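Visitor: I am new to this one. Please show me how to read it.

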Protein chains: 2
Amino acid sequence: MEFSSKLLEKAVNEMAQLPGIGKRTALRLVLHLLKQPKEQSEQLAAALLTMRHEIKFCKSCHNISDTDVCEICANPSRDTSVICVVEDIRDVMALENTGIFKGLYHVLGGKISPIDGIGPNQLNIVSLVDKVKSGTVKEVIFALSSTMEGDTTNFYIYKQIKDYNVMTSAIARGIAIGDELEYADEVTLGRSLMQRIPFENSLNK
Amino acid sequence: MEFSSKLLEKAVNEMAQLPGIGKRTALRLVLHLLKQPKEQSEQLAAALLTMRHEIKFCKSCHNISDTDVCEICANPSRDTSVICVVEDIRDVMALENTGIFKGLYHVLGGKISPIDGIGPNQLNIVSLVDKVKSGTVKEVIFALSSTMEGDTTNFYIYKQIKDYNVMTSAIARGIAIGDELEYADEVTLGRSLMQRIPFENSLNK
């Protein structure tokens, strides 16, 4: 791509470093900013800088937070004896949206993935194990994505905490509510059959 | 979407103002920046700000430029008597990539589109007509997209310059080279038939 302006080229190249944004998309976004009032670019730049420099991660659960301890961990009505282990903060947002879970979270920051160079030490695992060791935790719920990496990570953590007096569980996998059986993939359908539950338990209460 | 951090929310909302970027994508982009070194966010913000504040539009053709007159207009080997009228600078980039055109461009900055509130006065039309009036232009080539708005804009400009001693032309529309006839849309195919050219002229030289 030949640019008539170095400034434009620089902006496009920086924008194109974001995941899923190619050069053409970056050019479209940058040209859009050029057509908008200067304030929009200024506000975008300021918001990104402020966020990058001032955002904190909760000291307890590693969720993104504006304070040292996040709102969920600081909420006295949450059950501190149940910890739901998730990959990243988007999972916390998704689970919070259900309004079902009243325990605390623990954000790992990723999954063990040797191919991507991510080992256990890059993830927030030690602090989770320490929480379990402290004896206040009754149940750890694994809610990682059900991929090879997710399973590996679950198992790695499980091995480290199983000897302490703690219950471990995994969120249920199965056919999504409202989905047709015929369109479900075989692995999900097979698992959903093997891990069937008593009918009375399947009724919405 | 419920955010655990106001700083994060602000960054996502600013990012989501870009065209084609929804809240989910914005969140993904912003979380990516959080995982990268601070320098990446700083460079992105700086590049956007510098571009927005310092970029210039060529005084002659309105192409984006770092100087008062763009490289194309300032190039003494370009033919100043032929002007190709385009919608925006991406069209200039596309045409320059062909390496075929040796004249100058005139970037309108859009098309006449009453629905979007864009009238002739929002576009760089007066400066084009002035160039034609000055008598140095022999040919004006219309290269807008062939939509209702493009045709309207072409015709609006045509009416204003036709009485001056200038040739007007439009880029050829037809079946793209390498495309199968059976997959071409009827309008394109019909036009391509009506606007057929002598066979000798169709051979690559």
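Guide: Start with contact: heavy atoms within 4.5 Å. By that rule, 100% of the interface residues of chain B are also interface residues in chain A, so the copies meet through the same surface. The model is predicted: local features need pLDDT of at least 70, side-chain atom pairs count only at pLDDT 80 or more, and totals for chains, interfaces and linings use all residues. Residues are numbered from 1 along each chain as its sequence is written, chains are lettered from A and ligands numbered from 1 in the order in which they are written, and side-chain values use heavy atoms, with hydrogens and water left out.

Visitor: How many residues of each chain are in contact?

Guide: 52 residues of chain B are in contact with 52 residues of chain A.

Visitor: How much area do chain B and chain A bury between them?

Guide: Buried area is the accessible area (1.4 Å probe) that two parts lose on being put together, summed over both. The two chains bury about 5300 Å², 69% of it on carbon and sulfur atoms. L7(B), L34(B) and R52(B) supply 13% of the area that chain B buries against chain A, more than any other three residues.

Visitor: Which helix gives the most to the side of chain B that touches chain A?

Guide: Helices (H or I, at least four residues) and strands (E, at least two) are DSSP runs, numbered from the N terminus. Several elements of chain B each supply at least two residues to that side, including α1 (6-15) and α2 (23-35). α3(B) gives the most, with 15 residues.

Visitor: What about salt bridges?

Guide: Side chains of opposite charge can pair when their charged atoms come close. The rule wants a side-chain nitrogen of Lys or Arg within 4 Å of a carboxyl oxygen of Asp or Glu. Over all chains the structure holds 14. One of them joins K111(A) and E87(A) (3.8 Å, N to O). K111(A) lies in the loop between β4 (103-107) and α6 (126-133) of chain A, and E87(A) in the loop between β3 (79-86) and α5 (89-98), so the pair ties together parts that are 24 residues apart in sequence.
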